[in-house]
Amino acid sequence: MLVQFSTWDIVRNLLDAGKWTLALSLIAFVLGGIVGLAILFARIADNRVLQAATKAYIEIFQGTPLLMQLFIVFFGLSLVGIDVSPWLAAAAGLTLFTSAYLAEIWRGCVEAVPKGQWEASATLALTYPQQMRHVILPQALRIAIAPTVGFSVQVVKGTAVTSIIGFAELTKTGSMLANATFEPFLVFGLVAAGYFALCYPLSLYAKSLERKFHVAR
Amino acid sequence: MAYRFDFAPVFEQTGLLLSGAGFTLALTAVGAVLGIGLGVTGAVCRAWKLRPFDRLFGVYVEAIRNTPFLVQLFFIFFGLPALGVRMSEWQAAVLAMVINLGAYSTEIIRAGIQATPRGQIEAAESLALTRPQIFRHVVLRPALAKVWPALTSQVIIVMLGSAVCSQIATEELTFAANFIQSRNFRAFETYFVTTALYFAMALLIRQLLVQLGQRYVVGRTR
């Protein structure tokens, strides 16, 4: 059956697919944040083995293509007998990717807290968890907000790569529509505009946060 | 039944993998040189507020930094022919990498240029340096030296991102991996080895750029 697509049909289909991009971004960002926090604590723990292991974890994810990470998760999970859908592989792969980057960003923020703060809280006889909870993390959090929001843009853009393992988000839907309508210029222009609409506000927000915290310091 | 790993069918194709890796490195080299060149141009226009180019580069930077590389690639390769601009797979890949790196390096280098105090340029003028001399020795080189680590990271990000160029059939490393796994059905092993290759290439490029930076950029400003 031959289907005719009006411009409105293209836009409607893309908006529909955009929901999946948004959903995947949110899931990867939230789960990646949780895993990233665990990685962060291991990374800054007073334990050589944990430090080395998490350092390697971060370097591997930052030193290999996201596409390869997705392929390995996709084919690796099916080897251990889990029936993977593109949706699961995309969410799992992006979560791991996000966790590595966020852990590294946050480590920088923890290290930006002046050493005197550690020493001062130690002289007050605070235990390590207490130092973290009441002295270090509140200050690190302040520094971390702007780069964390900035990184969320990378997560949204990263979801485009999941189209290659067959997850039908914005880019994949765009490719299918471009093939069906023979209007790749229009379709990919709209796809790009969709990502821009998601990412640009985040970029602006990150920039304004950056300015705000710079003034405060 | 437990899965038995077998890497032999992958290593039989070492030649194919290495030529793919070479192609990726070549794409990255061309992309890095042209992309950083574009970045220097953009950074100067932005930092010195050269109208109307500063605005144009501003729009360009935001447009590229807020859209995925894969979509930029598809737009160039599938979309532009509608306007009569046709190119081969590798040309589209290089163009996309140049445009992408150009946007990021515009912002990176601009930060470096703006970190140079105005007084240094005035001091250079009072020493009767010509404008090209001032640009080269007082503006550009210190700026590049300041942001060299950030530029290095960005080049590596672009190299890793070029994996998606396999989607328009550019015959780089991921394309070779896709081809090999479609033949030997050892997808996990093939992509595992390929990932290791990318990791080694990232380390290699970092070392190379650190050395180049020491020799030609950072070392000379001290």
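1. A125(A) is found in the loop between helix 5 (115-123) and helix 6 (128-158) of chain A, where helices (H or I, at least four residues) and strands (E, at least two) are DSSP runs numbered from the N terminus. Although A125(A) is not a glycine, its phi is positive, at about 65 degrees. A125(A) is also exposed, because 7 other C-beta atoms lie within 10 Å; a residue is called buried if 20 or more other C-beta atoms lie within 10 Å of its own, exposed if 12 or fewer, and partly exposed in between, with C-beta atoms placed from the backbone.

2. A word on the basis of these points: this is a predicted model, in which local features need pLDDT of at least 70 and side-chain atom pairs count only at pLDDT 80 or more, while totals for chains, interfaces and linings use all residues. Residues are numbered from 1 along each chain as its sequence is written, and chains are lettered from A and ligands numbered from 1 in the order in which they are written.

3. In chain B, A128(B) lies in the loop between helix 6 (118-126) and helix 7, and this residue, other than glycine, has a positive phi near 65 degrees. A128(B) counts as exposed because it has 7 C-beta neighbours inside 10 Å. Another loop of chain B, between helix 2 (14-47) and helix 3, holds P52(B), and the peptide bond that joins R51(B) and P52(B) is cis, with omega of about -5 degrees.

4. Helix 3 of chain A (residues 66-79) has 14 residues that, at 1.5 Å a residue, should span 20 Å, and its end C-alpha atoms are 20 Å apart, which agrees; the expected span is 1.5 Å times one less than the number of residues. This helix of chain A is mostly covered, with 10 of its 14 residues buried, among them L66(A), Q69(A), F71(A) and F75(A). Just after helix 3 of chain A comes G81(A), whose phi is positive, at about 90 degrees.

5. Chain B as a whole has nine helices and zero strands, and its C-alpha atoms fill a box of roughly 80 × 45 × 25 Å along the principal axes. Of the 222 residues in chain B, 44% are buried. Two residues are in contact if their C-beta atoms, placed from the backbone, lie within 7 Å; of the contacts in chain B with a separation of 6 or more, 81% are between residues 24 or more positions apart.

6. Helix 5 (residues 89-114) and helix 7 of chain B pack with their axes 8 Å apart, at an angle of about 145 degrees, where axes are lines fitted to C-alpha atoms, for helices over the stretch in contact, and angles run from 0 to 180 degrees between N-to-C directions. Residues of helix 5 of chain B, including L101(B), Y104(B) and I108(B), meet residues of helix 7 of chain B, including V147(B), A150(B) and Q154(B). The residues of this contact divide into 14 nonpolar, four polar and one charged, with Ala, Val, Leu, Ile, Met, Phe, Trp, Tyr, Cys and Pro counted as nonpolar, Asp, Glu, Lys and Arg as charged, and the others, Gly among them, as polar.

7. The contact between the chains takes 30 residues from chain A and 30 residues from chain B. On the side of chain B that touches chain A, two or more residues each come from helix 3 (53-65), helix 4 (69-79), helix 7 (131-161) and helix 9 (187-221) of chain B, and helix 9 of chain B gives the largest share, nine residues. By class, this side of chain B has 20 nonpolar, eight polar and two charged residues.
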